[in-house]
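How is this protein chain built, and where do its cores and one of its pockets lie? Please keep the structure in view while reading.

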Amino acid sequence: MKEIKLIDIIKESKDYFIVDIMIWLFAHNIPILLAYLLKLYFDANFKDSLYIIVILYIVFFGLRTLLIKLGADADIKAQHKRADSLYQRIITKANEKVALTDSQVHDLVDIIQNDVNSIVGTISYGIDTFCNLLGIIIAFIIMMSINVYITILVMLVPLLIFFISNALKDKIYDRSNEIRDNESKIIESFQKIIEDARSIRIKSLEDTIYKRHGYLLAKNKDDKIKYGQFKGLISVANDMMVDLNIIIILLGSIIAKLSPGDVSLFISYSFSINDLATYISSFTIIYRELGVNIDSFNKKISSIKIEAEDFIACDWLKDKLKENTINVLIGKNGSGKTRILKALSKSYRYPLIFKNSSIVNENLYENISLGDDVYNYDELLNIFSLEDLDNRDILSDKELSGGQIDRIAILRALRKNVGFLLIDKNLSSIDRAVKMNIIKYLENLNMGILLVDQEERDEYSSYNKIYI
């Protein structure tokens, strides 16, 4: 299967892509149209039609609200369409080898879900950013048609903001790290004072240590104030750049003798132009992020080697299982009993208890109860022969036998009130007398249970036996 590219994703959802572009292009750029209405009001013969201008403003604002709602709905549908297309690729690759059940498809989808969500989400954000950029280009063309020189001067401001912000970004980051490092040193210094308190008192160094530590605290506080002031100055400088644009427009309008409508248009469009650097930066990041996510998706697809034996057909076994009773799967060692249990668990979401399950570092009650009350706790301890563990505050895997761990795992699973339970070789390492007590208890639970064993035994005579 060939690697997917961005253009492939767009082609596979081109109708949604076009609708998305059109809706957001109109939604984001209605303010440009509204600004042009103001120009007409000031310059053309619309001064006697103020009510018409106001009505048009209300209509366009309402239209923009509607378009944003439509855009959001179209965007969600487009994301689902693109996600389905990407998921279908891995399903198609898998089905080349073996027909998968819905559960197996779900497991494969989980592998690439994060990449798919990132890809479709980033494409949507990219479309939104592109439409905003296109709006700025439209505003730029209109401004250029009115006065080239003032437009160029106005464009220089956001570019200046872009370069200044990038130049200062590293300096701000380094300064922030420096402050954090200093705070770490202060903490280390304070801890050392505590550790050496007795020695300091003996040597009468309290005043010296106090002054040194006080100096570090004062310096850190001063550095934080300067850092905050520095960030504040940058923010003020950015705001001043916006004001500078308006000053350039006003001075330019006097020199170039712009009409009142042109001045209002330039001022309105200048606010969009000031976001140019932000949108360029965002679009660059989006493009790079898309490349990374698509590469990750392709690598995961290519690394998944799906063979028929990876998915054991277990429908035949499901048909033979009986509910509300004990079933026993009997087969020689190496016949694939554990793999079949795993396949059943994946395909039908049956809980599976593995041999040598984990133990929580709590007492026995917490290991069994899962946070709920256990009303027949003492009876269960007697049946499963776990009374000797009840007086321990904390249980540990290293201190318990394999049989004890397996019995706790079975009890824990039974607390979940599941309809069908798969038990691997958990009973094989348990004393026969205890095992018989447990099996007798399982008989009375009125739930479906599947055990596995290497050979047929007398105690299985009344159970539903399945051979492999």
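This is a predicted model: local features need pLDDT of at least 70, side-chain atom pairs count only at pLDDT 80 or more; totals for chains, interfaces and linings use all residues.

Residues are numbered from 1 along each chain as its sequence is written, and side-chain values use heavy atoms, with hydrogens and water left out.

The protein chain has 15 helices and 5 strands; these are DSSP runs numbered from the N terminus, with helices being H or I of at least four residues and strands E of at least two. Of its 468 residues, 40% are buried, that is, under 20% relative accessible area, where exposed means over 50% and partly exposed in between (1.4 Å probe, protein chains only). Among contacts (heavy atoms within 4.5 Å) between residues at least 6 apart in sequence, 81% join residues at least 24 apart.

In soluble globular proteins, nonpolar side chains tend to be buried together. A nonpolar core here is a set of buried Ala, Val, Leu, Ile, Met, Phe, Trp, Tyr and Cys residues joined through side-chain atoms within 4.5 Å. The largest such core has 38 residues, of which Leu-364 and Phe-384 touch the most other members. Its largest share, 7 residues, comes from α14. Leaving aside residues up to four places away in sequence, Leu-364 touches several residues, including Tyr-377, Leu-381 and Ile-408. A second, separate core of 31 residues includes Trp-24, Leu-37, Phe-60 and Ile-123.

The second largest pocket is lined by 16 residues, and Ser-428, Lys-435, Val-452, Asp-453 and Arg-457 lie nearest its centre. A pocket is an open set of points on a 1 Å grid over the protein atoms alone, where a 1.4 Å probe fits, with protein on both sides within 12 Å along at least five of seven lines; lining residues have an atom within 4 Å of a point. β4 gives the most to this lining, with 3 residues, and α15 (432-443) supplies at least two.

Two loop residues remain. Most residues other than glycine have a negative phi. Ser-385, in the loop between α13 and α14, has a positive phi of about 55° and is partly exposed, with a relative accessible area of 28%. Asn-446, in the loop between α15 and β4, has a positive phi near 60° and is exposed, with a relative accessible area of 57%.
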